[in-house]
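Open the model in your viewer and keep the sequence panel beside it. The stops below go from one pair of elements out to the whole chain.

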Amino acid sequence: MIVKVNCVCGKVFEKDISPEIVKNARGGVASVFATHEDHAVIIYIDEKFKVRGVEPVAIDPKDKELLMQGSIPLYYRVVPSKAKFPPMIKELGLISPEEARVLEEIDGKKNLIQLSKALGMSIERTREIVIELHKKKLIKIETLPV
Ligand SMILES: [Zn+2]
C-alpha cells in the first residue's frame, strides 16, 4: 500500500508499506523506517494506513553522504520492488545478464555485504549493479529493522 508521508523536511514522499507490517503492529500502530533524500524518519501508521506521525531519526553521517551521492550504505537491506518479475525482462534486454544474476540473489533479507558474498562479486561491483537496479526501480533499499 502506497502512503503519502508529510516528511519532517516539509516535502511529501511516497512509501510502500506492506499490509503485513500494519497487521502485525502492536497496539494497532506500526512504526516504519524510511529514508528520504539525505535524512531518515520513523513513520507511525495505523491499521487503516493512516499516517499518525513522522519523527526524524539520526543516521550516520557516512550513510548520509552515501545517500546524497545516490549510493547505498553497505548494511542497508536490498528488497525486490515486486514479488515476482516477468521472466522476459532479461530476454527483452531490460537488464544485463550480470544485473539479472544480482536480481535473482536479492531476496529482501540480504544487505550489500551479504549479497556480494553470495554472488562471489566484489562489494564495489555489487554496489554499482544494485544502484543500476535501483535506478530501474526493480529494487528498494531499506535499513534493517532496529
Ligand atoms: Zn524529508
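**Stop one: a helix pair**

H4 passes H5 in a right-handed crossing (the near helix is turned clockwise from the far one by less than a right angle). Select Arg101, Val102 and Glu105 of H4 with Leu115, Ala118 and Leu119 of H5, which make the contact (C-beta atoms, placed from the backbone, within 7 Å). By type, these residues are four nonpolar, two charged and no polar (Ala, Val, Leu, Ile, Met, Phe, Trp, Tyr, Cys and Pro count as nonpolar, Asp, Glu, Lys and Arg as charged, the others, Gly among them, as polar). Now show H4 (residues 97-105) and H5 (residues 112-119) whole: their axes come within 10 Å and cross at roughly 115° (lines fitted to C-alpha atoms over the stretch in contact, angles from 0 to 180 degrees between N-to-C directions).

The model is predicted: local features need pLDDT of at least 70, side-chain atom pairs count only at pLDDT 80 or more, and totals for chains, interfaces and linings use all residues. Residues are numbered from 1 along each chain as its sequence is written.

**Stop two: the elements**

Colour by secondary structure to see six helices and seven strands (DSSP runs, H or I of at least four residues and E of at least two, numbered from the N terminus). From the N terminus the order is β-β-α-β-β-β-α-β-α-α-α-α-β.

**Stop three: the domains**

Select 2-58 for domain 1 and 67-142 for domain 2, bounds that come from an automatic or database domain assignment. Their centres, over C-alpha atoms, are 24 Å apart.

**Stop four: the whole chain**

Zoom out: the C-alpha trace spans about 45 × 35 × 25 Å along its principal axes.

Notes:
Contact = placed C-beta atoms within 7 Å.
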